[in-house]
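Here is a short briefing for a reader new to this structure.

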Amino acid sequence: MPFVNLQNVTYKYPLTDKPVLENIDLQVEEGEFVAIIGPNGAGKSTLCYTLSGFIPHFYKGELSGRVEVAGLETRQSTLDEWVLNVGLAFQNPFNQISGAKYTVFEEIAFGLENIGVPRDEMKERVERALEMTGIRDLADRSPYSLSGGQQQRVALTSILVMEPRLLVLDEPTSQMDPIGTREVFGVVRKMAERGMTVILAEHKVEWIAQFADRVIALYEGRILLDGKPGQVLTSELLDGKGFGLSRYTSVAREAQKQGLWPKGRRLPVTLDEAEAGFSLSRSRARQGEGAA
Amino acid sequence: MNIEILDLHHTYPGGVKALNGITLTIAPGEQVAIVGQNGAGKTTLVKHLNGLLLPTSGSVSIGGWDTTQYPVAKLASRVGYVFQNPDEQLFTRTVYQEVAFGPKNLGYEKEKVEALVEDALTLTELTAQKETNPYDLSPTWRKMVALASIIAMDTPIVVLDEPTTGQDAANIARMGRVIASLRKRGKTIITITHDIDFCAENFERVIALAQGGVLLDGPANQVLGQEEILAQTYVDPPQITRLGLRLGLPEIVCTQEQFLRVYKKLASSRAEGL
């Protein structure tokens, strides 16, 4: 059985008429790095809550279909069983930071304390996690004295330290500086290579293309596309629905209209692909000149 | 209305030094983006513009008003500040009341308040949501309500802290349209952003901060092409700019239009064997 298995999942928040997720079928293998894209309101956060057990254990409402992670079914298990396998980093770090701790170090140890990890092991794991996400220098600061992007790194670290088998990230870099964002994607990629399964909701298409194995496009609560980053992120099915394109894709598409993009070549998503296409198109222009 | 910042230092209680001597002048009607690493001092800097923070040393003056000499309530008539997190500023029961709160407090007459609110709601595409409770809107639209409530105060200077965080492409485009309208009205707009592509497409001047000081300050094309210097403050050039640099285009490009213009010229000159 796949590590993550959603079958025909439909969910409606309390006091609402329309389901936010409709007939979602999603299977993810252990160690896969899957990105979820979609316009605001498509259901990305709701899907993250469903995978991490917040739905149905915290948010009530109506959930139907099967939600299985690591062989457990969400409604047949308790939240404390669930958190041993799955960690969620919230979109807004203000909502995640406990408010019960004075330092970043203690904040990151909070989850481990709650599952009764021995003190020495706990310290060692916190140290390692701080190192991994590059926030050792923040260890003694109060989580509330940090900038938005720094808080986001703390929020992510406090989940990574739990070493969940499934890591669910809801726009974990929305407040981060650009190079910080790239670094975090690199850390997440490394976790996936060590066998952690990652499901990430994101708008930052360039980094998704570079780091994720697979992309799911979510639209109005349904899966619109599911495939390799290069295919999904350049698909015309995304047009006019509020999906973001990488600038490389949009500039190449415009160039294509003006005959400046090599005929038959797939549109680029990453810098390398854009560079390759535009260099080729220039050398063809030169060859054209040679033939004339 | 000029903004004059002179050797501004700020140290938070507890000893974290956030700003280390910033000197800047921003002229009326300028569109300025502030970029830089998390913790570089961006939010600390802009909180000095309406007196939410006061200098530890140095000075900040808004149209000749020294911020230490005027209360925040008074400075609010000159500088509107849209918070990064809208939930820190929204508190009334309807969108209309929320947006009317600012102009009412500035003491405007009823007719003027109504006109300002209608205008702000139109600009932010919120007219249909007048009677909605802000907390029944999605976070995206709450951000628009927060922006509308500042636009309605009709201040000559508008400060936006991370206006595109967590927004999809359609909302980012809407934010761009609002900024373009405000620019046409001659407003000074100062925006903190990590969305460097958005910055390239909507702002003419870019200031890069690093460790509480100014690292770079100039026209977008000059600042955003400095890949190595920007890396010191954890900023990458915009995607289009990076592509231009990789291809060795003869000028720094920031937008798709600039890229295609330069690339086309180059491609055709190569084709002619020049």
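In this predicted model, α4(A) passes α5(A) in a right-handed crossing. Helix α4 covers residues 104-114 of chain A, and helix α5 covers residues 119-132 of chain A. Their axes come within 10 Å and cross at roughly 125 degrees.

**The helix crossing**
- Angles of 65 to 115 degrees count as roughly perpendicular and those over 145 as roughly antiparallel; α4(A) and α5(A) are therefore oblique to each other.
- On the α4(A) side, the contact is made by Phe105(A), Ile108(A), Ala109(A), Leu112(A) and Glu113(A).
- From α5(A) come Met122(A), Arg125(A), Val126(A), Ala129(A) and Leu130(A).
- By class, this contact of α4(A) with α5(A) has 8 nonpolar and 2 charged residues, and no polar ones.

**A buried helix in chain A**
- Helix α6 of chain A runs over residues 148-160.
- At 1.5 Å a residue, its 13 residues should span 18 Å; the end C-alpha atoms are 19 Å apart, which agrees.
- Of the 13 residues of α6(A), 13 are buried, so this helix is largely enclosed by the rest of the structure.

**Where chain B touches chain A**
- In chain B, 40 residues are in contact with 42 residues of chain A.
- The elements of chain B that give two or more residues to its side are α6 (169-184), α7 (196-202), α10 (239-247) and α11 (256-271).
- α11(B) supplies the largest share of that side, 8 residues.
- By class, the side of chain B that touches chain A has 16 polar, 15 nonpolar and 9 charged residues.

Conventions:
Residues numbered from 1 in each chain as written. Chains lettered and ligands numbered in written order. Predicted model: local features only at pLDDT ≥ 70, side-chain atom pairs only at ≥ 80, totals over all residues. Contact = placed C-beta atoms within 7 Å. Helix = DSSP H or I, 4+ residues; strand = E, 2+ residues; numbered from the N terminus. Nonpolar A, V, L, I, M, F, W, Y, C, P; charged D, E, K, R; others polar. Axes fitted to C-alpha atoms, helices over the stretch in contact; angles between N-to-C directions. Parallel < 35°, antiparallel > 145°, perpendicular 65-115°, else oblique. Left-handed = near helix turned anticlockwise from the far one by under 90°. Expected span 1.5 Å × (residues − 1). Buried ≥ 20, exposed ≤ 12 C-beta atoms within 10 Å, placed from the backbone.
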